[in-house]
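Me: Please take a close look at one part of this model, its pockets. I would like to know what lines them.

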Amino acid sequence: MINCREEVLNLTKELVSIRSIVNTDGESVIAHSLYQMVSSYPYFQDNPGNVVIEKTIDDERERYNVMAYVKGTKSNSNRTVIIMGHMDTVGVDDFNQQEDYAFKPDEWMDFLKNEDIPDEVRNQLNPNEWLFGRGALDMKSGVASNLFLLKFFSEHPDKLDGNLVFIAECDEEDGSHGILSALNTLKRWKVDYGFDYSAAINADFVAPLYEGDPNRYIYKGTVGKLLPAFYIAGEETHVGAPFKGFDPNLIAAELTRQISYNPELCNPALGEYTLPPVALKQMDLKTEYTVQTALGAYVYYNFLIHSWTPKEALAILKEHAEIAFQHALELFENRYRAFCKLSGEAYNGIQWKPRVITYEEMEIMLVKAHGSDYVDSMNQFKQDLLRDDSLDTRMYALKVVEEAWKWMEDKNPTIILFYSSLYYPRIELSGKTFNEQVLSEALDEAVDVIQSQYKQPIMVKNFFPFISDMSFMSLSDDEAAIQAVKDNNPAWGTKHYVDYDLIRDINVPVINIGPYGMDGHKKLERVEIDYSVELVPNMTKLVIEKVLSHNK
């Protein structure tokens, strides 16, 4: 065990003091601060080309990554371990009038002593045991741990049987422009210096998984995330004749009832399950008040995967959308019959049937029906739409689907299924490659060593359960699965693009050894000091050394 507690704790406080909220100028401020810090280390003063600050690529904002590498001298191996963590944080609106305290951990803890807070939290207002503040947990203590290790190995390159690469990336909390840009640098270093990327270690936070959970978790691999979206076209009618039309809000409601919190949509793998999907947005598309029902509705869901591919997920979601559509029709018909019985009006039946198509299927139909007229018109529409800076990727995708729907000849009520945002690939560390085997063995050995010096159980699980930049270090999906992402995202190639081939070029097994704490993204965010600033750096150090000591 190396003595790192005070240095990592002070680094954490220094990083927390920098207001680096995602999508603000603070992301640039913290990057330049880190660059200056790393550049001041003696090793990087002697090797200034080994540390870079680089602007993100294809990004609407000006923000930067900081990357550095240390070449080991213990042997001539090119095996290389990547340590990574994000510099940005979520916002501080939840702090209200106490916003400034979010970046002053010591003062914030003193302030909280006089506030009405849960007893559990009050008992943790001990500056020797816990640190509060925005980003203390997610994940500036993790970045501080990595900074310490970068400095340590820069002072002791003779302890490295290979190379160490450090990444402090921006924009993890939103669009992952940081890590996606960093991949280009990793590839360049791979070509220029022959780096053989053998393992990546992320330092994102871990937290209790249930009330009273005593475990500190280490994760091998990570969950994947999709954002399936549904454009629902109804049949408009005046509210004075409600049964002559079909309100898309009814279909949307049944869709959410079918998908949200549904355990059938928890993806099992290696004895672990994803969390069920939940709706992140549900709305109709009326822009003003009228006494007509809406023409369309829009809903999208957080959808996590362990073993399903994006292509398989589409098939599963399409099936559930068909069930929801059928339920909506049955409900509509039953209530229509009941109303007719009540009012004495004649029941005229319903003419609609469940209809669910993917965006890819609709595109094929429209190209076949309209040819180049459709293709040219949609290409121009997408380019014009890019001028609207108010549209994020999700709303841009919706606008494209709405425009395409206008070309459909059959305007009967329909659900159109598509992907409306970034796909975070799933990563499974199954031991199928030499590097995966070595990383798993190194992790197990490191956990055994650290566990003997820590009272709480340290448990290794197979999938990091939160969205993170780990997803972009490797690719488990085949080309057909990735093609499904491209073909079913209306924003692909205009508002949205990811070079998945670049991810496949790096393709390094990844684990997460991160700080432990509670209430990440919340006002009472806090990190446990002993584990996070002392044991995490030491455990990560052991894994680095063990991985690099294995040669093929």
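Reply: In this predicted model, the lining of the largest pocket divides by class into 19 nonpolar, twelve polar and 17 charged residues (nonpolar: Ala, Val, Leu, Ile, Met, Phe, Trp, Tyr, Cys, Pro; charged: Asp, Glu, Lys, Arg; polar: the others, Gly among them). The space in this largest pocket comes to about 1600 Å³ (the space filled by probe spheres set on grid points joined across faces, edges and corners). Its lining holds 48 residues, and D171, D174, G175, L422 and Y424 are the closest to its centre (pocket: on a 1 Å grid over the protein atoms alone, an open set of points where a 1.4 Å probe fits, with protein on both sides within 12 Å along at least five of seven lines; lining: an atom within 4 Å of a point). At least two lining residues come from each of α7 (177-193), β13 (296-305) and α12 (393-405) (DSSP runs numbered from the N terminus: helices H or I, at least four residues; strands E, at least two). Helix α7 gives the largest share, five residues.

The second largest pocket contains about 600 Å³ of space. Of its 23 lining residues, Q124, W130, P208, Y516 and M518 are the closest to its centre. By class, the lining of this second pocket has nine nonpolar, four polar and ten charged residues. M518 has R526 of β19 as its bridge partner.

Residues are numbered from 1 along each chain as its sequence is written. Local features need pLDDT of at least 70 and side-chain atom pairs 80 or more, while totals for chains, interfaces and linings use all residues; side-chain values use heavy atoms, without hydrogens and water.

Notes
Two strands pair if DSSP finds at least two bridges between them.
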